[in-house]
Amino acid sequence: MSASTVAAMAPALDVAKIRRDFPILDRPVYDRRLAFLDSAASAQKPRQVIDTIRQAMEEEYANVHRGAYWLSQRATDRFETARETVARFLNAPSSDEIVFTRNTTEAINLVAASWGRTFLKEGDEVVISEIEHHANIVPWHLLKREKGIVLRVAPVDEAGNFLLDRFEDLLNDRTRLVAITHVSNAIGTIVPVAEVIRAAHRRDVPVLVDGSQAAPHMRVDVQALDADFYVFTGHKVYGPTGIGVLYGRSELLESMPPYQGGGEMIQTVSYEESTFKEPPFRFEAGTPAIVEAIGLGTAIDYLQALGWENVQANEQMLLQYATERLREIPGLRIVGTARDKAAILSFVMDCAHPHDIGTILDRSGVAIRAGHHCAQPLMERFELPATARASFGIYNTRDDVDQLTEALLQVREIFG
Ligand SMILES: *Cc1c(COP(=O)(O)O)cnc(C)c1O
C-alpha cells in the first residue's frame with residue numbers, strides 16, 4: 001500500500017490520545033518500546049477502567065443484593081447499571097437477558113450444562129465450525145460423553161473463508177443447536193453469523209454465537225442478528241478479567257434450570273427443597289465479581305465513545321498495512337486470508353518455529369502470541385503445529401507494525 005493510500009485511510013480515531021489512556025503502553029520491555037500485538041489473547045486496560053475499580057473499592061464497596069444499608073445499595077446500583085450497559089452494548093431487549101459469568105468459557109459451559117443437559121438427548125446434533133476456540137468445542141465434548149450427542153463441524157476453505165453452503169448441508173432433522181464463533185481468534189475470519197442464524201432458524205434450530213473476538217472489534221446487535229445466545233469475555237473488550245457475559249433470549253433463559261446452586265440465586269430454601277429466582281439471578285450463584293462487572297461497564301462506555309466506524313477504520317487500516325509489510329518478508333506465509341477478516345494476523349516462517357519467532361520478537365519489545373491459540377483442530381486443518389499471531393486493538397499504530405516487521409527481518413537474519 002502506498003503512503004498516500006494509507007494517509008487517505010487515516011481514521012478519525014485519535015490513537016495518540018487513546019495511548020495516553022493506557023499506562024502500560026509506556027512501559028519499556030528489555031529497554032525497548034513496547035509494541036503490544038496480543039490483544040486477541042487479552043487487551044490492555046485504560047486508566048478509566050483502573051480508576052473505576054479503585055474508586056469502587058475505595059468508596060462504594062459492599063456485597064450486592066442483600067445489605068440493608070447505604071453502601072450495599074450503592075454497590076448494587078452500580079453492579080446493576082453495569083448490566084444495563086452490557087444490555088445496551090449488545091442491543092438486548094432487556095437487562096434481564098444478561099447473565100454475568102466469569103468469562104466466555106463459563107458462559108458456554110453454562111448453556112451446555114443447563115440448556116444442553118435439559119434439552120439434548122442421544123443422537124441429537126450440535127453444529128460447530130472448524131474455526132472454534134476450545135471453549136466452544138470441549139463443553140460439547142462433555143455432553144457427547146454424558147448424553148451421546150453428535151458434533152458436526154462446518155468447514156472453512158484454504159483461505160479460511162466460512163463455507164455457508166457446506167454449513168447448510170449439515171442441518172437436518174436431528175440438529176438441535178448451532179454453536180458458532182462470530183470471529184476466529186486464530187485466523188481472524190468473520191463468520192456471516194446473520195446468514196448462519198437465518199438458515200438455522202428456518203429449521204427452528206437455536207444458535208449460540210461466541211462473540212469473544214467480535215465484541216472488541218465491531219458493533220454487535222443481538223436483535224438484528226436474531227441470536228438466541230451471545231457470549232463474550234470482559235478482558236478482551238479492555239475490561240477486567242473474571243467477568244464475562246451470556247446474553248440469552250428470555251424464553252430460553254426462563255426454560256433453563258440453574259446449573260450451580262448457592263446463595264443469590266434462590267427464592268426460598270428449606271431442608272427439603274429450594275425455589276429459584278428468575279433469570280438472570282437464577283444463573284448467578286454466590287457472590288458475583290462485583291467490581292469487575294462495574295469495571296466492565298466503564299470499559300464498554302470507553303469503547304463505545306470512540307465510535308465503531310473509527311475503531312474499525314483504524315483496525316482495518318492496520319490489518320492491510322501489516323499484511324503488506326509482512327508480505328515483504330521472504331519465507332513468511334500468512335495463514336488465513338479470508339475476504340472478511342478482523343484485525344488478527346496469523347503467520348508462519350520457513351526458517352523458524354513460531355515459538356522461536358515469539359522469543360526473538362519479545363527481545364525487540366514486540367508482544368505476539370505463538371502456539372495453537374486454543375484451536376488445535378484448526379491447526380490440524382491447516383496441517384500446522386502452531387502459528388505466530390499478531391492482533392490489533394484500539395491503541396495500535398503503524399509504528400507497532402514497523403517494529404514487528406523489523407523484528408521479523410531479524411528473525412530472518414538469525415535463522416535464515
Ligand atoms: C478468548 C476466546 C475464548 C475464551 O475466552 P475466556 O475469557 O478465556 O473464557 C473463547 N472463544 C474465542 C473466540 C476467544 O477468542
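Modeller: Two strands pair if DSSP finds at least two bridges between them, strands being DSSP runs (E, at least two residues) and helices likewise (H or I, at least four), numbered from the N terminus. The model is predicted, so local features need pLDDT of at least 70 and side-chain atom pairs pLDDT 80 or more, whereas totals for chains, interfaces and linings use all residues. Residues are numbered from 1 along each chain as its sequence is written, and side-chain values use heavy atoms, without hydrogens and water.

Biologist: What makes the seven strands an open sheet, and in which order do they stand?

Modeller: The order is S2-S8-S7-S6-S5-S3-S4, with mixed pairing. Strand S2 (98-101) and strand S4 (150-154) are the edge strands, since each pairs on one side only. Neighbouring strands are turned by 20° against each other on average, direction ignored; axes are lines fitted to C-alpha atoms, for helices over the stretch in contact, and angles run from 0 to 180 degrees between N-to-C directions.

Biologist: How do you know that strand S3 and S4 pair?

Modeller: Strand S3 (residues 125-129) and S4 share five bridges in the parallel sense, and the definition asks for at least two, so they pair. One of the bridge partners in S4 is Ala154, which faces Ser129.

Biologist: What does helix H5 touch?

Modeller: Helix H5 (residues 104-119) packs on the sheet and touches S2, strand S5 (175-181), strand S6 (207-210), strand S7 (229-233) and strand S8 (244-248). Contact means heavy atoms within 4.5 Å. The direction of H5 makes about 150° with that of S7.

Biologist: Why is the pair of Arg19 and Asp400 called a salt bridge?

Modeller: The term requires a side-chain nitrogen of Lys or Arg within 4 Å of a carboxyl oxygen of Asp or Glu. The N to O value for Arg19 and Asp400 is 3.7 Å, so the pair qualifies. Arg19 lies in helix H2 (residues 15-20) and Asp400 in helix H15 (residues 398-415), 381 residues apart.

Biologist: What makes a space a cavity, and what makes it a pocket?

Modeller: On a 1 Å grid over the protein atoms alone, a cavity is a set of points where a 1.4 Å probe fits but cannot get out. A pocket is an open set with protein on both sides within 12 Å along at least five of seven lines, and lining residues have an atom within 4 Å of a point. The largest pocket holds about 330 Å³, and Lys236 is among the residues closest to its centre.

Technical notes. Points joined across faces, edges and corners; volume = space filled by probe spheres on them.
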